[in-house]
Amino acid sequence: MLCWLLFVLGSGTAKAIDFGGDLQVHGFATQGFVKTTDNRFFGDSEDGAFEFTELGINASYKVSPSVLVSGQLLSRNAGKMDDGSPTVDYALIDWNLSNTSDGAVGLLAGRIKNTLGLYNETRDVAFTRPSIFLPQQVYFDRVRDLFLSADGVQIYGRIPTDSGRWMVNLGATINPIDKNVEIAFLGRDFEGDLDADDVTFIARAEYETHDGAWRLGWSAAKVTLDFDASRTDPIGDGRIDLLYWVASLQYNAERWTLTGEYMREPVDFQGFGPLLGSRDSTVEGYYLQGSYLLRNDLELIVRYAEGYTDRDDRSGMTQSAATGGQLPPHSFFQKDWMLGVRWDVTPNFMLRAEYQWNDGTWTLSNRENPDPSATVKDWEMFSLLASYRF
Amino acid sequence: MLSAVPALAEPVLVAHPLVSVNQLTVNTTRLMFSMQLDQWPDGNRVRVFVLPDDSAIHRAFSKHKLSLYPRQLRRVWDRQLYSGTGQVPETVRSETEMRRKVATTPGAVGYLPSAMIDDTVSVLSIR
C-alpha cells in the first residue's frame, strides 16, 4: 500500500494520465488526524490518531460515444471500522441510450454507487466532501456499507426544463454489507449472519437550475436485512426492514453556499426472540451548513447537526430504560457544532482543519467504543486532513 | 449577478475547424463543458479542453459564457468522475496549448481570448 501511495504522490505532475482521450486514470490519497477529548472516533483518538486513510484509483474507458466502462478500487483505513483492505468501490457499464441537449436516458449495470443525498456517491473523495467527515447524522460512517454501493442495475434520466434540469435515477440492487452493520443494528457481532440478500430499491430525483445556484433533491433506499441465528446465539432469526430517505436543498452564490439535508429512516425489527424482540422506531438526522470563500483558495465552514435513534424519544430516556440503563440516554442522540477551514494549496492538494463540539454519542461506532457506559456525553474533537488527487 | 469585465478579456468559444456547426445554444455549450453531452449534432465525439480552475480566462468563460462558477463545473465533473458515470475534460497548461489542441484534435471545443484567435481554429457563437 505504501508503494502505491508513493506512486500516486510521485506522479506529482498533477495531470491525469491521458491515453489519447478515450481512457482516463485518476486517483486520490487522503490522510486524516483525529484528537478527541473523550470517546473514540476513527481510532484511538483520545491519544491523537492517524487511523484515517483513504486511497483510491479509478479508470474509465469510452468504448463508443454511448458506452463508458469504469471502475474504482478503494482502500480505507478507519480506526476499528475499516482495515484498509482494497475493495471494488464501483465497476460498471454506463450505456447511454439517448443523449441530446433535449435530454438523456441511460442504463447502469454492475457495482453502482448509490445516489443518496448530495454527497453519498463520492463520499470517500475528500475533495468532494464539504468537511473532513460528512455530517454523521445523515451519512453514517459506522454503517456506511448499507448505502455505499451495490450490485445491480439502474436507469437514469436527465430531463431539461426552461430553468434547469432534473436528474432521475431508479435502481434495483443487492447490497454487500459488512460486520459494522450487524454491530450497529444488533448491538454486537453474533455467530449468525446478517445479510441483505433481498433486493434493495434506490430512487432519486434531483433538480438543479442552469446556473447551478439552486439544487434540491429527494432520494431513498429501501433495504431488507435478514438475520440467520446460529445455535449459540442468545437471539433468534429476525428481519429488519428500513426505508432511508433524504431531502436536500442547497443554494450556491459566488462566494458562499448554504446546504441543508434532512434524513428519516423508519426501521422495523421482526423476530429475534424475546431478548431483542419486535419493535419499530424512526431514525432522524439533519444538518444546516454554511461555507464562505475568504479567498479563492480559502474557505470557512460552519455546521450544526442533530440526530436521533428514535424521533419519538429524543432524550433517549425511554430507550435507555428499556436496556435497564445498560445503554446511557446520550447514546441515542447527538447534537454538534462544527467550525472548519479548507485551504486549496493547489487545485490538486488540499488541507483542512476542523473543531467540533458534541452533545451525545449516537454517531460513534460501538466497535470502537465497546463499553457504552464508559462513553462521555459532552466531548470535543479536533481533526486535520491532507488530500492529494491526480 | 455577475460583475462586468472589459470586452477584450471576454473569452471566445472555439472548435476544431472541421466541426460542422458555427453556433451553439448556451444550454448545449453548458452541457458540453459539464461533460454531459458528448456528441456533436453530426455524431462526432466532443472533446473538451479547459485551462486550470484558477486561471482568469477559465473563470471568465465559466461565469460569463456558461453562467456557472468554476467551482460548480468542478463539482459536476467530480461527481461524474468519482461515481464512474463520466469523464473529465482535458486540462491544458496555457492558451497556446489550448489553441494547438483545439486546432489538431477532431471534435475539439475550448475557449481563447479574442487576441489569440487565428485561422487554425473556428469561432462558434453562443446564442
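This is a predicted model: local features need pLDDT of at least 70, side-chain atom pairs count only at pLDDT 80 or more; totals for chains, interfaces and linings use all residues.
Student: What makes β4(A) and strand β5 (residues 82–83) of chain A a pair?
Tutor: Two strands pair if DSSP finds at least two bridges between them. β4(A) and β5(A) have 2 bridges, in the antiparallel sense, so they meet the rule. In one of these places, the bridge partner of A78(A) is D82(A). The hairpin of β4(A) and β5(A) has 3 residues between the strands, and G79(A) takes a positive phi near 55° there.

Student: How do you know that residues 82–83 form a strand?
Tutor: Strands are DSSP runs of E with at least two residues, helices are runs of H or I with at least four, and both are numbered from the N terminus. As for names, residues are numbered from 1 along each chain as its sequence is written, while chains are lettered from A and ligands numbered from 1 in the order in which they are written.

Student: Which other strands does β4(A) pair with?
Tutor: Among them is β3(A), which runs antiparallel to β4(A) and is joined to it by 12 bridges. A hairpin of 2 residues connects these two strands, and K62(A) stands opposite L68(A). β6(A) also pairs with β4(A), antiparallel over 8 bridges, and there G71(A) faces A91(A).

Student: Why is V168(A) called partly exposed?
Tutor: A residue is buried if 20 or more other C-beta atoms lie within 10 Å of its own, exposed if 12 or fewer, and partly exposed in between, with C-beta atoms placed from the backbone. V168(A) has 16, so it falls in between. This residue sits in strand β9 (residues 164–174) of chain A.

Student: What makes Y156(A) a contact of V168(A)?
Tutor: Two residues are in contact if their C-beta atoms, placed from the backbone, lie within 7 Å. Leaving aside neighbours within four places in sequence, V168(A) is in contact with Y156(A), G157(A), I159(A), R204(A) and A205(A).

Student: Are N39(A) and F42(A) buried or partly exposed, and how do you know?
Tutor: N39(A) has 19 other C-beta atoms within 10 Å, so it is partly exposed. F42(A) has 27, so it is buried.

Student: What makes a group of residues a nonpolar core?
Tutor: A core is a set of buried Ala, Val, Leu, Ile, Met, Phe, Trp, Tyr and Cys residues joined through C-beta atoms within 7 Å. The largest one has 70 residues, and V14(B), A15(B), M32(B), V48(B), F49(B) and V102(B) touch the most other members. Not counting residues up to four places away in sequence, M32(B) touches L37(B), V46(B), V48(B) and V109(B).

Student: What makes chain B agree with a compact globule?
Tutor: The radius of gyration is taken over C-alpha atoms, and the globule rule is 2.2 Å times the number of residues to the power 0.38. For 127 residues that comes near 14 Å, and chain B has 14 Å, so the two agree. The C-alpha trace of chain B spans about 40 × 35 × 30 Å along its principal axes, and 43% of its residues count as buried. Chain B contains 4 helices and 6 strands.

Student: How many residues of chain A are in contact with chain B?
Tutor: 31 residues of chain A are in contact with 28 of chain B. The largest share of the chain A side, 4 residues, comes from β6(A).
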